[in-house]
Structure formats: C-alpha cells, structure tokens
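Reader: I would like to go through this structure feature by feature. Please give the general idea each time, then the case at hand.

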Amino acid sequence: ILGTELFRRIEGRTIRQFVAEEIAGPLGLDFAIGLEPSQDHRCAELVPPPALPVDPSTFTPAQIAAMGNPPLRADLAMSAEWRAADLPSANGHGTARALATIYARLMAPEGGLVSPEGLAAATARQIRHVDLVLGMECDWAAGFLRNSSGVFGPVATTFGHSGWGGSFACGDPENGLTMAYTMNRMDANLRDDARAKALIAAVYSAL
C-alpha cells in the first residue's frame, strides 16, 4: 500500500491504474494488479506448500519482520479481499504469456515500455550480498534479480524475478528471449524451484 501511495502522489494514479491504462490495456495483456471481482472465476486456486522454506523457530529478526509479522500464509491469497487489493508488491494476477510479453516489451530497442538507457539503469547492480530474508546471496538491481548466480539460465545479463511457490519471469537481452512460468501448486522454496529450473534448462537446450 505504501508503495502505491508514493507512486500516486508523484504520478497521479495508483500503480494498479497505471499498469491497466499504460501497459496491460494498450498491449492487450491478461495481467492486472489486483483482480476485478468479475474476473475471480478465472483465477486458479493456489495449492499451498507443505511448509515454509525456513523453520520459524530459527527466524532471524529480518525474517520475523518479513514472514512472521503476521505469519506468511499462502491461503490468504485466495480470499476475495486479497485478490481485489491494490498491493503491487505481491498481488499481480496474470498469465505466463502476459509476463513474458512485458519483459519482451521492456527489451524492445524501439517503441518499448522504457528506453534502452532506462532499462540499463533499472538492471544495473544496486547490491550483491546475502539477502537477510532469503538467506542466500542475491544480486539485486532496481526491482530485478540479476542473473549472476545462474538462477535464470546460462546468460549473465538475464534479469528477472522469482515468486514464492515457483513462479518466475525473466528476459535475456543477448538472445532476445523472455520466459515466464506461473503455477498454482506452490513449492516451498522462495527461489530456485526445481520445475522452473528444468523449464529454463529445456529452453536453452533447444536454442
């Protein structure tokens, strides 16, 4: 909520409105921040993971703040209130095709969502360190995970993001390739889902 309020004060619209009016609408994408009640019947029911990837009894202060205040529960995302909320950090609803298309339009040399200079700035390293919540080294850009660890395949310049449960989307500018995976059966991992890794490996083996 804080993120979308800051955006609204600067731009005039919420992030939900901006995405609908400037990205999803013009590009004809099946994607939205928050779900309209009329679309609820199209939303897949999540199958929560058997457990959190980290034992709550071993939580660090950062993990308590992120996953224990209140406790992280996958089933909350199936409630009508959650689906309809304007929560851009965690409430995107869409298809894998829509996500892959967004990344393709980010990388478009002309007429894309951002300029090449803007994308270069957004994907430049901000910090590389052990993430205090994930407990693993991450190479973060401005909202994107850089691919220095190979989580998105063999190309170092690939950038993207992973979601809790196994979903991911990424763009490989060297090959002009984008990939996305959305699922409803969640894995416990916050990153490095085995299904996602297998899909990425299969794509690159076919190039």
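The dialogue below takes up salt bridges, aromatic pairs, cysteines and one backbone angle.

Reader: What should I know about the model before reading it?

Author: This is a predicted model: local features need pLDDT of at least 70, side-chain atom pairs count only at pLDDT 80 or more, and totals for chains, interfaces and linings use all residues. Residues are numbered from 1 along each chain as its sequence is written, and side-chain values use heavy atoms, with hydrogens and water left out.

Reader: How many salt bridges does the count come to?

Author: Side chains of opposite charge can pair when their charged atoms come close. The term salt bridge here means a side-chain nitrogen of Lys or Arg within 4 Å of a carboxyl oxygen of Asp or Glu. The count comes to 15.

Reader: Where does the salt bridge of Arg 16 and Glu 36 sit in the chain?

Author: The closest N and O atoms of Arg 16 and Glu 36 are 3.3 Å apart. Arg 16 is in helix α2 (residues 15-27), and Glu 36 is in the loop between β1 (31-33) and α3 (61-67). The two residues are 20 apart, so the pair links distant parts of the chain. Helices (H or I, at least four residues) and strands (E, at least two) are DSSP runs, numbered from the N terminus.

Reader: What does Asp 139 do with Arg 125?

Author: Their side chains meet in a salt bridge of 2.8 Å, N to O. Asp 139 lies in strand β4 (residues 137-140), and Arg 125 in the loop between α6 (116-123) and β3 (127-130). Asp 139 is buried at 2%, whereas Arg 125 is partly exposed at 42%.

Reader: Which residues are linked in a network of salt bridges?

Author: Glu 11, Arg 13, Glu 21 and Glu 22 are linked in one.

Reader: How many aromatic pairs does a search of the whole structure find?

Author: A pair of aromatic rings is described by the distance of the centres and the angle of the planes. Rings of Phe, Tyr and Trp (its six-membered ring) pair if their centres lie within 6.5 Å; planes under 30 degrees apart count as stacked, over 60 as edge-to-face and the rest as tilted. The search finds six pairs. Among them, Tyr 103 and Phe 144 are edge-to-face, 6.0 Å centre to centre with 65 degrees between the planes. Tyr 103 lies in helix α5 (residues 96-107), and Phe 144 in the loop between β4 and β5 (145-146). Phe 144 is buried at 14%.

Reader: Why is the pair of Tyr 103 and Phe 159 tilted?

Author: Their planes are at 35 degrees, with ring centres 5.7 Å apart, so the pair counts as tilted. Phe 159 is in strand β6 (residues 159-162), 56 residues from Tyr 103. Both residues are buried. Ring pairs link Tyr 103, Phe 144 and Phe 159 into a cluster.

Reader: How many disulfides are there?

Author: A disulfide is a pair of cysteine sulfur atoms within 2.5 Å. The count is zero. For Cys 138, the nearest cysteine sulfur, that of Cys 170, is 15 Å away. Cys 138 is buried at 2%.

Reader: What is phi of Asp 192?

Author: Most residues other than glycine have a negative phi. Asp 192 has a positive value, near 65 degrees. Its place is in the loop between β8 (177-181) and α7 (194-206).

Methods
Buried means under 20% relative accessible area, exposed over 50%, partly exposed in between (1.4 Å probe, protein chains only).
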